[in-house]
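Hi,

Here is the structure I promised to pass along. Have a look, and my notes follow below.

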Amino acid sequence: MYNRILRAIGIVVLISVFFVPALAIEPRAESAKPSLSFNGTTAVCSALCKGNRTSDDIDVTLTLYQGRNYIDSWSESDTGILSFEGKCRAVSGKSYKLTLEYSVNGKKMPSVSVTGVCP
């Protein structure tokens, strides 16, 4: 019984040694995810962007619109992964659109938008 447990633990350790490092070096895909939420009449606009590598230069601009009207924008830059947020006043009952534009190593990527209504 004790030997079976030791063998099972040994097999798990061997599998971990061979497969976990392979997963760690797997390249990640470029991605961008905007988020729009409301805290009362405050619009909370956030972004999470990732490059292919931890050394990739990422430039992001978030722009908030109410209908076709520009409300506010925020820009940030970082390497590898970029996460940030901006806040501004919103009007209850109005619909808003948050657009995320970004580039990775100077290459412009497709923009991503989300919408929401201020409660």
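To read the sheet, note that two strands pair if DSSP finds at least two bridges between them, and that strands (E, at least two residues) and helices (H or I, at least four) are DSSP runs numbered from the N terminus. This is a predicted model, in which local features need pLDDT of at least 70 and side-chain atom pairs count only at pLDDT 80 or more, while totals for chains, interfaces and linings use all residues. Residues are numbered from 1 along each chain as its sequence is written, and side-chain values use heavy atoms, with hydrogens and water left out.

In the sheet, Ala-47 stands opposite Phe-84 in E5. Strand E2 (residues 42-50) and E5 run antiparallel and are joined by 9 bridges. The open sheet has 3 strands in the order E1-E2-E5, with antiparallel pairing. Its edge strands are E1 and E5 (81-89), each pairing on one side only.

Now the rings: there are 2 aromatic pairs. Rings of Phe, Tyr and Trp (its six-membered ring) pair if their centres lie within 6.5 Å; planes under 30 degrees apart count as stacked, over 60 as edge-to-face and the rest as tilted. Phe-38 and Tyr-96 make a tilted pair, 5.8 Å centre to centre with 50 degrees between the planes. Phe-38 lies in strand E1 (residues 31-39) and Tyr-96 in strand E6 (residues 95-104), so this pair ties together parts 58 residues apart in sequence. Both Phe-38 and Tyr-96 are buried (under 20% relative accessible area; exposed is over 50%, partly exposed in between, with a 1.4 Å probe and protein chains only). Tyr-65 and Tyr-70 form an edge-to-face pair, at 6.5 Å and 75 degrees.

Best wishes
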